Amino acid sequence: MSVTAGVREFREDLAGYIDQPEPVTITRHGQTVGLFIPVNRDRQADLDAYAEAARKANSLLAELGMTEDAVVAEFADVRRTQARES
């Protein structure tokens, strides 16, 4: 089953269309102007991967004896140095 939406409707409810499994035919003045095909991903797998990445990052910070604030400050220093050099 295909869903049809006008350009304005599609733009206003994009988040809803992203979460549905069916393709969306996009029309303007009754003429098809595009087709949106949502990619259905396993969101729980994505969340699990992000959580694991955060655990690894926190473990590495602890291993190095650093804090998030120290990393942000070091990054800012590097950016300032690069800006001065260019």
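**A walk through the predicted model**

D19 counts as exposed here, because its relative accessibility is 52% and the cut-off for exposed is over 50%. Keep in mind that this is a predicted model. D19 still has a partner: its side chain meets that of R43 in a salt bridge, 2.6 Å from N to O. That pair ties together distant parts of the chain, with D19 in the loop between α2 (14-18) and β2, and R43 in helix α3 (residues 43-64), 24 residues apart.

Searching the whole structure turns up three salt bridges. Another one joins R55 and E52, with the closest N and O atoms 3.0 Å apart. These two sit three residues apart in helix α3, so about one helical turn separates them. E52 counts as partly exposed, at 33% relative accessibility. Over in helix α4 (residues 68-85), D77 and R80 are also three residues apart, about one turn of the helix, and their closest N and O atoms come to 2.3 Å in a salt bridge. Both ends are partly exposed: D77 at 40% and R80 at 45%.

Now for the sheet. It is open, with three strands in the order β1-β2-β3 and mixed pairing. β1 (3-6) and β3 (31-36) are at the edges with a single partner strand each, so one side of each has no neighbour in the sheet. β1 and β2 (residues 24-28) run parallel, joined by four bridges; G6, for instance, has T27 as its bridge partner in β2.

Finally, the largest nonpolar core has five residues: A5, F10, Y17, V24 and I26. Beyond its sequence neighbours within four places, V24 is in contact with residues including A5, F10, Y17 and F36. Ring pairs also link F10, Y17 and F36 into a cluster.

How values were computed
Residues are numbered from 1 along each chain as its sequence is written. This is a predicted model: local features need pLDDT of at least 70, side-chain atom pairs count only at pLDDT 80 or more; totals for chains, interfaces and linings use all residues. Side-chain values use heavy atoms; hydrogens and water are left out. A nonpolar core is a set of buried Ala, Val, Leu, Ile, Met, Phe, Trp, Tyr and Cys residues joined through side-chain atoms within 4.5 Å. Buried means under 20% relative accessible area, exposed over 50%, partly exposed in between (1.4 Å probe, protein chains only). Contact means heavy atoms within 4.5 Å. Two strands pair if DSSP finds at least two bridges between them. Rings of Phe, Tyr and Trp (its six-membered ring) pair if their centres lie within 6.5 Å; planes under 30 degrees apart count as stacked, over 60 as edge-to-face and the rest as tilted. A salt bridge is a side-chain nitrogen of Lys or Arg within 4 Å of a carboxyl oxygen of Asp or Glu.
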